[in-house]
Amino acid sequence: MRLLKSFGWVAGAGSLVLAVAVPARAALIYSATGSPSLVGTETGDLGVLKSFTTDVTFTYVSGDTGVIIAELGQAAVNTGWHDSQVELASDGTIRVAVWPFNGGQGNANEINLGAAPLGSDTVQYSYDDTLQLLSAQVNGGPISMYAITRQDPISNGQSQQRFAFGAPESTSQSLGNANTFQAYSDTISSVQIYDVVPEPASLGFVALSTLGLLARRRSIR
């Protein structure tokens, strides 16, 4: 596994514990962990990411809302090319999405992972560009999938691929919620971004070809 970029590490902040393991064949291109919170930071340019897997660990406090991870086509947040990928909706649920190729992000183009458990939560989500499939889970639970053709910043003519954490983001998916993720102490404790998706078996997928990828949503229990 190659670590190509590290950001925001603070010595002595403690070791990283992930709820979901990503296979060693995946190339880790971004890792950030430590204290203070990662809220308000961004990755820098990661190049072209057609397929990717992201793990984000954060602390959920009752009533907290807002965008946890946003995708950018430039350094500036909430301007130019930008979209929400992980957020806490105003109803307390975790929503995951990628920007659809034909535009029009909204409730019809997202995965709803259900109510966020209080305390520390780890969300893992992957987009497979070959299968055109978004998958997501929280705390190693059931995997939800959504068939969607993603538009990434590079294919839209931008020169960069970045991710921002807890930044202002107006393309939020749910119920008009565009707030910044509240900056409680150590709210976002770690983020890892890999440049490939895990093997299906490593996440508990069962015979992807039998799932009917044209279905809008599926959940494996």
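Which side chain meets that of Glu42 in a salt bridge? The partner is Arg162, at 2.8 Å from N to O; a salt bridge here is a side-chain nitrogen of Lys or Arg within 4 Å of a carboxyl oxygen of Asp or Glu. The model is predicted, with local features needing pLDDT of at least 70 and side-chain atom pairs pLDDT 80 or more, while totals for chains, interfaces and linings use all residues. Residues are numbered from 1 along each chain as its sequence is written, and side-chain values use heavy atoms, without hydrogens and water.

**Salt bridges**
- The structure holds five salt bridges.
- Glu42 lies in the loop between strand 1 (28–33) and strand 2, and Arg162 in strand 10, 120 residues apart; strands are DSSP runs (E, at least two residues), numbered from the N terminus.
- Arg162 is buried at 11% relative accessible area, whereas Glu42 is partly exposed at 21% (buried is under 20%, exposed over 50%, partly exposed in between; 1.4 Å probe, protein chains only).
- Lys50 and Asp152 form another salt bridge, with their closest N and O atoms 3.0 Å apart.
- Asp152 is buried at 3%, and Lys50 is partly exposed at 33%.

- Five strands form an open antiparallel sheet in the order 6-5-4-3-10; strands pair if DSSP finds at least two bridges between them.
- Strands 6 (111–115) and 10 (162–165) each have a single partner strand, so one side of each lacks a neighbour in the sheet.
- Four bridges join strand 3 (residues 66–72) to strand 10, and Ile69 has Phe165 as its bridge partner there.
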